Amino acid sequence: MKPSSTQWPQIYLCVALTTMATLVVELSLTRIFSVVFYYHMAFLAISIAMFGLGAGGVFSYVVAGWKGPLYTRLGRLSAVNSLLVLLALAVILMQKDVLTNWNLALVYLTTALPFFVSGTIVSLAISETMERVDRVYFSDLAGAAGGCLLLIPLLNQFGGPSTVVAAAILFAVAAAVWHSMAASKTGRAGSVALALALVTLLGYNQRHPILDITHAKGQTIKDEIWSKWNSISRIAVKHEDGRYTIFIDADASTAIANFDYAHLTAEEKHYLLEQGPALPYVVRPGSKTLIIGPGGGWDVARALASGSRDITAVEINDIIATTVMREKFADLSQGLYLRPDVH
């Protein structure tokens with residue numbers, strides 16, 4: 001089916017939307033896998049994407065033989081893919097405390113499905129547009145690059161699960177454009193309705209999370225009083241055992257140091273300076289200090305207890321350094337990161 005001159009821009013757009021959504025799904029899965037499973041499982045998302053895209057490319061030869069207009073087939077595949085994205089997300093979030101090999105196999109297969117369909121769509125679109133394959137492939141790469149850039153604001157704004165929903169919206173929009181090219185009013189209306197339903201789901205999920213992580217690392221997530229995602233990790237604050245702790249990807253943790261630093265008692269100084277991590281501050285008390293990864297501020301507290309009055313702390317995650325320690329929960333550390341001698 002040879003595209004008309006007016007259809008080429010729409011083809012470029014649809015290919016770009018498909019690859020953009022695919023990259024958003026792939027990269028957001030690396031973050032979700034890191035939380036639900038373990039950080040090294042993030043690489044599994046790359047494996048799943050490569051497997052699905054490759055298999056989909058092969059399967060495109062089968063789809064090429066199906067009856068019906070090309071754009072109708074591509075529109076239906078895109079609409080189905082938006083639902084498969086939600087299915088994959090639901091299967092991941094449904095994993096409970098026991099993670100067997102069967103559970104992991106189920107996660108692998110269901111999360112491969114969106115990439116399988118994406119590979120089919122892109123391969124079929126390229127094979128049918130050889131006349132301008134250079135431009136179509138440019139749209140492929142541009143969409144993928146756009147997905148990488150879009151991921152960061154999406155994760156910062158919506159978090160991991162809702163970012164996957166946003167990718168499903170992109171697939172639904174692409175489906176509407178494909179159906180429009182096929183002059184299918186029913187298909188276009190259905191795809192637009194699907195996109196609007198997903199937008200509604202995205203908004204509702206932000207206010208009343210129904211697609212959210214409740215189990216991680218084989219344990220139920222509990223006692224969290226607050227959580228937030230960004231492109232680096234998922235940060236949560238818990239109150240347990242009488243103290244507040246920052247959890248990173250539901251695994252690594254750093255307690256929030258809580259002392260009256262202007263009136264440290266002898267017992268508190270002993271507690272801060274008579275443990276192994278305090279050795280540098282004991283060897284060079286009162287020195288100008290640089291701390292890499294201060295987390296909840298214990299090394300900062302040790303430096304202050306040793307007499308240091310010029311402390312620079314470098315924290316990679318802005319949620320920890322700013323949102324938790326200097327804004328929302330600054331009082332839990334008695335304003336430790338707001339002190340004039342702590343930078």
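Reply: Happy to! One term before the surface: a nonpolar patch is made of nonpolar side chains joined within 5 Å, from residues with over 30% relative accessible area and no salt bridge. Also, keep in mind that this is a predicted model.

Me: Okay, which residues form a nonpolar patch on the surface here?

Reply: L290, I292 and V314 do, and together they have about 310 Å² of accessible area.

Me: Where is L290 found?

Reply: L290 sits in strand β7, which covers residues 289–292.

Me: And is L290 buried or exposed?

Reply: Exposed, because its relative accessible area is 58% and the cut-off for exposed is over 50%.

Me: Let's go inside. Which residues touch the most other members in the largest nonpolar core?

Reply: That core has 68 residues, and I11, I32, F33, W178, L198 and I213 touch the most other members. Helices α1 to α7 each supply at least two of its residues, and α1 gives the most, with 15.

Me: What does L198 touch?

Reply: Leaving out residues up to four places away in sequence, L198 touches S82, L86, V165, A168, I169 and A172. There is also a second, separate core of 32 residues, including L272, A301, L332 and V342.

Me: Zooming out, how many helices and strands does the chain have?

Reply: Eleven helices and eight strands. The C-alpha atoms fill a box of roughly 85 × 40 × 30 Å along the principal axes.

Me: How many of the residues count as buried?

Reply: Of the chain's 343 residues, 52% do. The chain exposes about 16,300 Å², with carbon and sulfur atoms supplying 62% of that area.

Conventions
Residues are numbered from 1 along each chain as its sequence is written. This is a predicted model: local features need pLDDT of at least 70, side-chain atom pairs count only at pLDDT 80 or more; totals for chains, interfaces and linings use all residues. Side-chain values use heavy atoms; hydrogens and water are left out. A nonpolar core is a set of buried Ala, Val, Leu, Ile, Met, Phe, Trp, Tyr and Cys residues joined through side-chain atoms within 4.5 Å. Buried means under 20% relative accessible area, exposed over 50%, partly exposed in between (1.4 Å probe, protein chains only). Helices (H or I, at least four residues) and strands (E, at least two) are DSSP runs, numbered from the N terminus. Contact means heavy atoms within 4.5 Å. Patches are made of residues with over 30% relative accessible area and no salt bridge: like charges are joined within 9 Å, nonpolar side chains (Val, Leu, Ile, Met, Phe, Trp, Tyr) within 5 Å. Accessible areas come from the Shrake-Rupley method with a 1.4 Å probe; for residues, only the protein chains shown count as cover. A salt bridge is a side-chain nitrogen of Lys or Arg within 4 Å of a carboxyl oxygen of Asp or Glu.
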